[in-house]
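Open the model in your viewer and keep the sequence panel beside it. The tour goes from one selection to the next.

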Amino acid sequence: MKITERNIMSISLGANALLALCGMYFGYTAHSSAILIDGMYSTLLTVMSFLSLGVIHLLKKPVSKSHPFGYASYEPLINLFRGLLILMVIIFGTFESVHSIAEGGNIPDFTASMYYFVFCMTGCIIAYFIVLMGSKKIKSPILKVETTNWLMDTLLTAGMGVSFLVASLLKEKYPTLIAYVDPVITIILMLSILKMPYKTIKQSVKELVLMEANEDITDKVHTVFERFDSTDEVKDHHKSITETGREVYILLVVLLNKETKVSKENQLFDTIEKHDHFRAELYKELKDVADSVKLDVAFTYNKKWM
């Protein structure tokens with residue numbers, strides 16, 4: 001099968017759906033809030049993977065009258081929803097577990113829990129490596145977030161499995177304490193993944209409100225633009241760099257020096273043809289900073305246009 005962003009997301013969608021059903025079933029039969037919350041987490045990821053597939057389709061569409069700047073903003077929007085939904089699961093799981101502790105806890109079926117652990121752990125590891133390999137070959141913010149989700153799911157499942165194993169070995173000696181293992185595990189798991197939705201929400205909001213792009217992108221752009229300080233033809237320049245999903249927009253306004261001492265035959269910006277040549281050379285150096293780079297370059301003699 002050809003490795004495409006859509007195919008990888010389809011595999012991830014199928015894996016999330018399977019683990020969601022598995023989590024709901026074993027969470028109910030094993031009377032485990034930790035497994036049930038894990039199943040809810042997988043259910044939300046299934047929904048978000050489905051929506052992400054729709055966004056991938058939109059991103060391939062050409063600009064239209066209703067979307068003159070394309071569909072790049074849908075990508076951080078879907079990632080924002082993903083982060084908010086995961087945050088809701090964390091809040092719900094934490095409150096449910098606190099309530100369970102207040103009610104005296106519960107002892108889940110550890111045998112059924114271990115069956116769930118083995119099945120879920122195997123599925124998470126396989127899905128994680130499939131998405132990871134795909135994200136290394138394809139520059140995609142959606143696949144990057146999906147890889148992080150599978151890594152977190154794998155780590156959460158591993159922690160939950162080890163905890164259940166220890167609890168099952170000690171349930172005869174400490175039956176009173178064992179009743180609190182399941183809700184305490186849930187709280188620990190919820191708090192341990194809190195950073196993930198926070199980072200996703202923060203990055204998505206940053207892109208949606210058109211804040212400056214990430215440091216690795218801006219550093220590369222700044223390095224390329226340093227050359228403007230060495231020519232008498234340019235008095236000043238102003239650059240704006242924003243990132244929306246997989247698209248980076250760079251606006252450069254160059255303030256030319258009317259009284260340049262550079263001879264006419266050696267000037268770089270005195271004709272429209274030379275402007276176009278400069279744009280082409282600049283784009284060649286910057287096109288690899290992101291999957292899609294939009295570059296606008298304007299020239300002026302008047303500082304008020306900067």
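How many bridges join strand β2 to β3? Select residues 247-256, which are strand β2; nine bridges join β2 to β3, and the two strands run parallel. The model is predicted, so local features need pLDDT of at least 70 and side-chain atom pairs count only at pLDDT 80 or more, while totals for chains, interfaces and linings use all residues. Residues are numbered from 1 along each chain as its sequence is written, and side-chain values use heavy atoms, with hydrogens and water left out.

**The sheet**

Strands here are DSSP runs of E with at least two residues, helices are runs of H or I with at least four, and both are numbered from the N terminus. Two strands pair if DSSP finds at least two bridges between them. Show Val248 and look across to β3, where Val293 stands opposite.

Contact means heavy atoms within 4.5 Å.

Move to the β1 and β2 pair, which is antiparallel over 10 bridges. Thr242 has Tyr249 in β2 as its bridge partner. The two strands form a hairpin with two residues between them, and Gly245 in the turn has a positive phi of about 65 degrees.

**The two domains**

Colour 5-209 as domain 1 and 215-305 as domain 2; these bounds come from an automatic or database domain assignment. The contact takes 13 residues from domain 1 and seven residues from domain 2. Taken over C-alpha atoms, the domain centres are 43 Å apart.

Between them the domains bury about 800 Å², 44% of it on carbon and sulfur atoms. Buried area is the accessible area (1.4 Å probe) that two parts lose on being put together, summed over both. Select Ala72, Lys139 and Glu207: they supply 58% of the area that domain 1 buries against domain 2, more than any other three residues.

Which kind of charged pair crosses this boundary? Zero salt bridges are counted between domain 1 and domain 2.

**A salt bridge**

A salt bridge is a side-chain nitrogen of Lys or Arg within 4 Å of a carboxyl oxygen of Asp or Glu; by this rule the count comes to five. One of them joins Arg82 to Glu146, with the closest N and O atoms 2.9 Å apart. Arg82 lies in helix α3 and Glu146 in helix α5, 64 residues apart, so select both helices to finish.
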